[in-house]
Amino acid sequence: MANTQLLGLFEEPQKVADAMGELKSAGFPVEDLDIYSGSPFPEGAFGEHEAEHRLFMFPLVGALIGFAIGLLWTAGTQISYPLITGGKPILSIPPMTIIMYENTMLGAILFTVLGVLFESRLPKRDLGLYDERITEGFIGLYVDCPEERASAAESVLASNGAEEIKKA
Amino acid sequence: MAHEEHAIPQVPTHQEVASDIMARFQDVNRRYWSWLSLLALLFAGGIVGFVIRLSDGFDDRSNWGYYTATLSFLASTFLAMPIISAGLRLAKANWRRPLTRLTENMAITGVLIWLMLIPSLIALPATEGRLSVWFDFPHWMAFRGGNLMVWGTVVLIGLMLLWLLALPDLAAVRDHMPTSPRGKIAKALSFGWTGNVRQWRVLHSGALLLGAFYLLLYPTLQTLLQADFQAGLLPGMKDAIAPVTALINALQGAVGMTLVVMYVMRRFGGYERYFGIDQFWALSKPLLAFSLLWFYFWWGSFITFWYGRQPGETELIRFIVLDSYRYPLMASFLLNFIGPVVALIWNPVRRSIWGPTIVGAGVLVGALINHIRWYVAPFSVPDPPAGESWPHVLQQIPAGQLPEVADILIIIGGISGSVLLFMLINKIIPVVSMWEVGEGLRLVKVRRFLARYAMVIAKSH
């Protein structure tokens, strides 16, 4: 059976925390509840599910790729066109480090940006169940539940003072 | 922080702040257009100055000294400003919240600065036969390609930092100005941000990471700037701490610029409730520290040359310290060290809005003069005769070079162009971060404390 999504809009954070607690007590899995807000609250403030992310892996991978490219680029060009100057080694390490460092950083940065987008599930063409008042300071409590439990969720949201409840 | 007048401090709500900032953001009044037109005119003058220089070609490098000094000044003030945001966010300074976006928006000037870099790089001689951090690396791969990449990456991080941290506010603009052209731009740039728990968590981590990368790469930019555009052109210049000196001076310039821009936004933009005494007072402390460090690093360099007494060192000191560029050094000494220290050691000056602003403005003037000394001087040193290596001692000390009309146009145009870009981006991305201020407000509570009221700020993590 298809799921129903509900979005309760609240003005008071305390009411959201209360509604969240009541929904969890009523057996709604915490993974199916989400909070939408115009500015962040301290982690766990509403007792919400703290989604894990692997953002920190992205810059590491990017840095490794960038470093490898930097090394191949600088060493490769010098080995491909070996010009011995004053009997010095072909590979000129100090300037190579500048390019390798720069490539390492560039890789890390690009992968970080990609990581932020991927882990945030962006870009999103369709905002889904959303309300413009969220960026004004309202807080949205999102519930994803089976259709037969939608009315129970709705009554929890309403009894805790939701200004409006949207459904999809 | 106790309140002086024993009054009950008023803490606005997120809704009030969001609606106030949005109202100011939406307001594009006549004064804004007047300033924009004036800046565009001055920037056009800068382009005329640039074309004059271009018509003279690149054979005489001394023509490009003031241009490079302008480039260096912009890179050491405007482009250094995102460091303030990144550093204060890492340090979790609560007072930073109203001013971080202002410093991040300055990253847009990096586009102009990167474009300005290209002619300066063309004006540099090949690395063969002279001391350089690139040794005998093929020249396109090395100092031209390397500089373009490093500077480009710094600019890219700044822009990415700005964009990612602006996603929630771009979403707010999208939501509240859906039909206007600015709203449509914001909609495209907001990437469908909705502000759920996962997005906020990732944004926090991403901002910290990108900020840390900016802090890691910006010193490389300053190192290359100093090594390629100054040390590599000055026979006898062997100063191990020069890149750090340049970095410290850039941080001083960034703080000075932030103070001045905050004052302007407060005075003319209507943002007085966001840029208050807390921000000016708090920033005056690092400004005092950087002013002391200005002298420490300058002295550290000077004394090694002074006691070294090698021919290359004595000639160099005569050139950039005692003779040709004595007056620019004295002016910078006064504006970047003596003035700020004497003024900011006084509590009433430091704990005011006007005091740090005046000092900040002075620091910027001093920084511009110092950058002229740093980069016009090496650009005025002639190349050695064809086929000969660069000497280790200045053969003859060039006279101090005064700016010509084209140089003055370039200096004014470069600064105006940067401010112009900043003003334009402020109408795409709000200059005060609604979400960051809103987050901070939730952490503030007013509590009775004995006979007065105090604002208690919670730690968010």
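Predicted model: local features only at pLDDT ≥ 70, side-chain atom pairs only at ≥ 80, totals over all residues.
A residue counts as buried when its relative accessible area is under 20%, as exposed when that area is over 50%, and as partly exposed in between.

**Stop 1**

Select the strands of chain A. Four of them form an open, antiparallel sheet in the order β2-β3-β1-β4. The edges are β2 (33-37) and β4 (164-167) of chain A, each of which pairs on one side only. From one strand to the next, the twist averages 20 degrees. Strands of a sheet pair through backbone hydrogen bonds, either parallel or antiparallel.

Next, display β1 (residues 3-10) of chain A together with β4(A): four bridges join these antiparallel strands.

**Stop 1: helix α4 of chain A**

Select residues 150-159 of chain A, which make up helix α4. Which residues of this helix are buried? They are A:Ala150, A:Ala153, A:Val156 and A:Leu157. Because these residues cover an arc of only 125 degrees around the axis, they lie on the same side of α4(A). An α-helix has 3.6 residues a turn, so residues three or four places apart point the same way.

Among the elements that cover the buried residues of α4(A) are β1, α1, β3 and β4 of chain A. On the face turned away from the buried side, select A:Ser151 and A:Ser159, which are exposed. Just after the helix, A:Gly161 takes a positive phi of about 95 degrees.

**Stop 2: a cis peptide bond**

Move to the loop between α3 (93-119) and β3 of chain A, where A:Pro123 lies. The peptide bond from A:Leu122 to A:Pro123 is cis, with omega near 0 degrees.

**Stop 3: B:His14, in contact with both chains**

Select B:His14, in helix α1 (residues 14-26) of chain B. Its relative accessibility is 6%, so B:His14 counts as buried. Neighbours within four places in sequence aside, B:His14 is in contact with A:Gly38, A:Ser39, A:Glu136 and A:Gly137 of chain A, and with B:Met434, B:Gly438, B:Leu441 and B:Arg442 of chain B. With B:Arg442, the side chain of B:His14 makes a polar contact of 3.4 Å.

**Stop 4**

Select strands β1 (residues 444-449) and β2 (residues 452-457) of chain B, which pair in the antiparallel sense over six bridges.

**Stop 6**

Most residues other than glycine have a negative phi, and most peptide bonds are trans. Select B:Lys92, a residue other than glycine with a positive phi near 55 degrees. B:Lys92 is placed in the loop between α4 (81-90) and α5 (100-105) of chain B. With a relative accessible area of 53%, B:Lys92 is exposed.

Then select B:Arg309, which is not a glycine either and has a positive phi of about 60 degrees. Its loop lies between α11 (277-308) and α12 (311-322) of chain B.

**Stop 5: B:Glu404**

In the loop between α15 (354-379) and α16 (405-425) of chain B, select B:Glu404. This residue counts as partly exposed because its relative accessibility is 44%. The side chains of B:Glu404 and B:Arg53 are joined by a polar contact of 2.9 Å. B:Asn63 is 341 residues away from B:Glu404 along the chain, yet their C-alpha atoms are separated by 9.3 Å.

**Stop 6: aromatic rings of chain B**

Over all chains, a search of the whole structure finds 28 aromatic pairs. Select B:Tyr296 and B:Phe297: their ring centres are 5.3 Å apart and their planes stand at 90 degrees, so the pair is edge-to-face.

Finally, select B:Trp294, B:Phe295, B:Trp298, B:Trp299, B:Phe302, B:Trp306, B:Phe333 and B:Phe337, which ring pairs link into a cluster.

Notes: Residues numbered from 1 in each chain as written. Chains lettered and ligands numbered in written order. Heavy atoms only, no water. Pairing = 2+ DSSP bridges. Helix = DSSP H or I, 4+ residues; strand = E, 2+ residues; numbered from the N terminus. Axes fitted to C-alpha atoms, helices over the stretch in contact; angles between N-to-C directions. Buried < 20%, exposed > 50% of the residue type's maximum accessible area, 1.4 Å probe, protein only. Arc of directions from axis to C-beta. Contact = heavy atoms within 4.5 Å. Polar contact = N/O pair within 3.5 Å; in protein donor to acceptor, adjacent residues only side chain to side chain. Phe/Tyr/Trp six-rings, centres within 6.5 Å; stacked < 30°, edge-to-face > 60°.
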